[in-house]
Amino acid sequence: MGGGGGPTPAKGGKKQLDAQINLVPFIDLLSCCISFLLITAVWTQLARMDVTQKGQGAAGAVDEKPPEPTVNLTLYIDKDGYTFAKSTGESTPIPLKGDDYDYSKLADILKDAKTAYPDKNDIQVKSDDTVLYSRIIRTMDIVLSAKFPDIGLGDKGGGI
Amino acid sequence: MSGDGIFPTTKMAPHRDRLLRKPGTRLKRYVPLAFVSGAAGSKKSGYAELNLTSMVDMLTILVVFLLQTFSASGELLTVQKNITLPEAQNFKDLEQAPIIAVSKDSVTLDGRRVADADQLNAENTSDWKITELHDQLVTLKNNFKLLHPSEPFAGMVIVQADRNVDFKVVKKVMYSCSMAGYQNVNFAVQQKAKGG
């Protein structure tokens, strides 16, 4: 870096040890960096949530070892609330809480299910036609928070 | 115009008097300012030096902040005006894939309109396939296979749906994707900080 010198010492006087760094190139460099970063900045933070469709095996294991007999977990969403069902026949309804779904109770039930089946990673979410998309996404978010990463999204009527 | 004052009186050379006039008093080139000069009578430079250190500090902090928010992948997804994305805390990074935008009025594939509201809200449950969307997705798939013969087809598609659409509409889009060979359906969401 171009270091500027201090004032010239007088003849016979003590030499000054102060040196001044030339800050102008620094400012140039930083200004260029800021301009570039501001131009290329992405302000909207978008991401994705992946789902598998019903019937493809939410675990995604088509050519792996044959599936062991295990319990299947299904979460139904309709206008009256959730219904958490197991293939063993056990079913837990989660009614609406006011006008909205009871997300905290759903989180508790899913947490219990994960404790009961720690190796289980897949779950089927089946929704009614009239359910809002934002509520499905929020439900899927809660399911992902409960450590069920393989979500299969399908129609409650059994179409997809 | 009158002939008095600064304006010339002769008709022959209207600029002459003005050009040859003796200049009046002017400001000095150097004015010793009282607050700059130290002791009275001592000559001191009128230059004041700007302290650049604090400015460099500020610029450095700005650069660090912008570098933290820098995304190397760029902007893969642009949100349309009539679409409000839902928020989620659990998400994955975006990847390059065909983008299906679903609003209350229409469905577009990479910006091309493939269905309108009437088709989306039709109660006919026997056929969920959105024909135009299906056909264009098949074309995209065939193009990918032609252009990248050695690469496996991921079958990935990003659905960018408005938060207030019904699942019925999303279901039709998913069904059309599935029929076209796109099994890996992803929903675009807005990132939400955990605990927020």
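Two residues are in contact if their C-beta atoms, placed from the backbone, lie within 7 Å. In chain A, residues 24 or more positions apart account for 59% of the contacts with a separation of 6 or more. In chain B, 61% of the contacts between residues at least 6 apart in sequence join residues at least 24 apart.

This is a predicted model, in which local features need pLDDT of at least 70, side-chain atom pairs count only at pLDDT 80 or more, and totals for chains, interfaces and linings use all residues. Residues are numbered from 1 along each chain as its sequence is written, and chains are lettered from A and ligands numbered from 1 in the order in which they are written.

**The two chains**

Helices (H or I, at least four residues) and strands (E, at least two) are DSSP runs, numbered from the N terminus. A residue is buried if 20 or more other C-beta atoms lie within 10 Å of its own, exposed if 12 or fewer, and partly exposed in between, with C-beta atoms placed from the backbone.

| Chain | Helices and strands | Buried residues |
|---|---|---|
| Chain A | three helices and eight strands | 24% of 160 residues |
| Chain B | five helices and six strands | 22% of 196 residues |

From the N terminus on, chain A runs β-β-α-β-β-β-β-α-β-α-β. The order in chain B is α-α-β-β-β-β-α-α-β-α-β.

**Where the chains meet**

Contacts link 47 residues of chain B with 38 residues of chain A. On the chain B side, α2, β5 (156-161), α5 (167-180) and β6 (184-191) each supply at least two residues. That side has 27 nonpolar, 13 polar and seven charged residues. Here Ala, Val, Leu, Ile, Met, Phe, Trp, Tyr, Cys and Pro count as nonpolar, Asp, Glu, Lys and Arg as charged, and the others, Gly among them, as polar.

One helix pair spans the two chains. The axes of α1(A) (residues 24-40) and α2(B) (residues 53-68) come within 9 Å and cross at roughly 30°. Axes are lines fitted to C-alpha atoms, for helices over the stretch in contact, and angles run from 0 to 180 degrees between N-to-C directions. Angles under 35 degrees count as roughly parallel, over 145 as roughly antiparallel, 65 to 115 as roughly perpendicular and the rest as oblique. α1(A) and α2(B) are therefore roughly parallel to each other.

**Inside chain A**

Helices α2(A) (residues 103-116) and α3(A) (residues 133-145) pack at about 30°, with axes 9 Å apart. This crossing is right-handed. A:Y103, A:L106, A:A107 and A:L110 of α2(A) make the contact with A:R138, A:I142, A:V143 and A:S145 of α3(A).

**The core**

A nonpolar core is a set of buried Ala, Val, Leu, Ile, Met, Phe, Trp, Tyr and Cys residues joined through C-beta atoms within 7 Å. The largest has 59 residues, and A:V143, B:V159 and B:V173 have the most contacts inside it. α5(B) gives the most to this core, with eight residues. Not counting residues up to four places away in sequence, A:V143 touches A:L75, A:L110, A:I123, A:V125, A:F148 and A:I151.

Note on methods. A crossing is left-handed if the near helix is turned anticlockwise from the far one by less than a right angle, and right-handed if clockwise.
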